[in-house]
Amino acid sequence: YFIQSNLRLARVMSTWESEHLSQGSPKYHISDDNKVHIYNMRFCPYAERTVLVLLAKNIPFNIVNINLKNKPDWFVESTFGQVPVILHKENIIPESLIGCDYLDDVFGEPKLHPKDPLQKALDRVVVEKQSGMMKFLFPIYVKIPNKIVCYDEKVEMFDKLVDYLQSFESELGGRGTTFLGGEESPNMADYMIWPFFERVECLPKLIDEKFTLPSSLVHVHAWMKAMRETKPVKEYGLSPERLAKATSISMEFSDYDKAMKESAGL
């Protein structure tokens, strides 16, 4: 069983490190409509949400990487032009939160959403709140078209990000558990938030040590360390070293495949 599981994982990994399809690429052909297929970009935090859920629920899937800077016509015509997109049983399901809810509803155990409707709603509030960190994080680590963000502006944005994360520190402290989902394992909310923190974690490698989260965020640091040890994050997540290098390459050359290949192994 162990050998079979590793072989399955190796096959899936070969697709998530595959070339990003671009303008002029042949349309992706679905050979098995009962299997989940996902339009993805290897370094997209929103698409990463979906992959983590697929891995957490042990759902067989294929990944189709899309070049978001030079999108195939067939991709734009059949979707909103963004990733992730789930293809399943002739259905096209866009948007990360919608798609992940679909996967949890359609497929069996483990269920990632709480059974209690109120707790499910409260968890979604946390997800929406913490997703707001991107308004501070995005200008720090992504090259914005027609805008130069200077170093001092990035420091200012990072300070605002740290202040913003006080709410998550309080949330984790109030729950008193390793994960939002409890003591034993992450739930849907944990997986929806994690990809953003993966990007926060890479900032000291990408820029310098001034962009390190302060030790005063005790619960946030403990949560990040625990998430790093979960099976889905170990399998698909990006180390700070790899994400920093891939981001630097992508910003300089606007080439996802170059970033993916040259950062592999970090």
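This is a predicted model: local features need pLDDT of at least 70, side-chain atom pairs count only at pLDDT 80 or more; totals for chains, interfaces and linings use all residues.
Helices here are DSSP runs of H or I with at least four residues, numbered from the N terminus.

**The cavity.** Begin by selecting His113, Lys120, Asp123, Arg124, Val127, Met188 and Ala189, the residues that line the largest cavity. Helices α5 (117-131) and α9 each supply at least two residues of that lining, and α5 gives the most, with four residues. The space inside the largest cavity comes to about 40 Å³, and the count of cavities of 30 Å³ or more is one. Rolling a probe the size of a water molecule over the atoms shows where empty space is left.

**The nonpolar core.** Next, select Tyr39, Phe61, Phe168, Phe197, Leu213 and Trp223, which touch the most other members among the 79 residues of the largest nonpolar core. To this core α9 gives the most, with twelve residues. In soluble globular proteins, nonpolar side chains tend to be buried together. Keep Phe197 selected and display its surroundings: leaving aside residues up to four places away in sequence, Phe197 touches Met133, Leu165, Phe168, Val220, Trp223 and Met224.

**Helix α10.** Which residues of α10 (residues 218-228) are buried? Selecting Val220, Trp223, Met224, Ala226, Met227 and Arg228 shows them. The cover over these buried residues includes α8 (166-175), α9 (188-206), α11 (231-236) and α12 (240-253).

**The cysteines.** Colour the cysteine sulfurs now; a search of the whole structure finds zero disulfides. Cys44 is in no disulfide, and the nearest cysteine sulfur to it, that of Cys100, is 11 Å away, whereas a disulfide needs two such sulfur atoms within 2.5 Å. Cys44 is buried, its relative accessible area being 8%. Cys202 is likewise in no disulfide, with the sulfur of Cys44 as the nearest cysteine sulfur at 14 Å, and Cys202 counts as buried at 0% relative accessibility.

**A contact across the sequence.** Val142 is partly exposed, at 24% relative accessibility.

**The hairpin.** Select strands β3 (residues 85-88) and β4 (residues 91-94), which run antiparallel and are joined by four bridges; Leu87, for instance, has Ile92 as its bridge partner in β4. Two residues lie between the strands of this hairpin, where Lys89 takes a positive phi near 50°. Lys89 is not a glycine, and at 47% relative accessibility Lys89 counts as partly exposed.

**Backbone exceptions.** Continue to Glu95, in the loop between β4 and α4; Glu95 also has a positive phi, of about 75°, although it is not a glycine, and Glu95 is partly exposed with a relative accessible area of 35%. Finish with two prolines. The peptide bond from Val83 to Pro84 is cis, with omega near 5°, and Pro84 lies in the loop between α3 (73-78) and β3. The peptide bond from Glu109 to Pro110 is cis as well, with omega near -5°, and Pro110 is found in the loop between α4 (96-106) and α5. Most residues other than glycine have a negative phi, and most peptide bonds are trans.

How values were computed. Residues are numbered from 1 along each chain as its sequence is written. Side-chain values use heavy atoms; hydrogens and water are left out. Buried means under 20% relative accessible area, exposed over 50%, partly exposed in between (1.4 Å probe, protein chains only). Contact means heavy atoms within 4.5 Å. Two strands pair if DSSP finds at least two bridges between them. A nonpolar core is a set of buried Ala, Val, Leu, Ile, Met, Phe, Trp, Tyr and Cys residues joined through side-chain atoms within 4.5 Å. On a 1 Å grid over the protein atoms alone, a cavity is a set of points where a 1.4 Å probe fits but cannot get out, and a pocket is an open set with protein on both sides within 12 Å along at least five of seven lines; lining residues have an atom within 4 Å of a point. Grid points are joined across faces, edges and corners, and a volume is the space filled by probe spheres set on the points.
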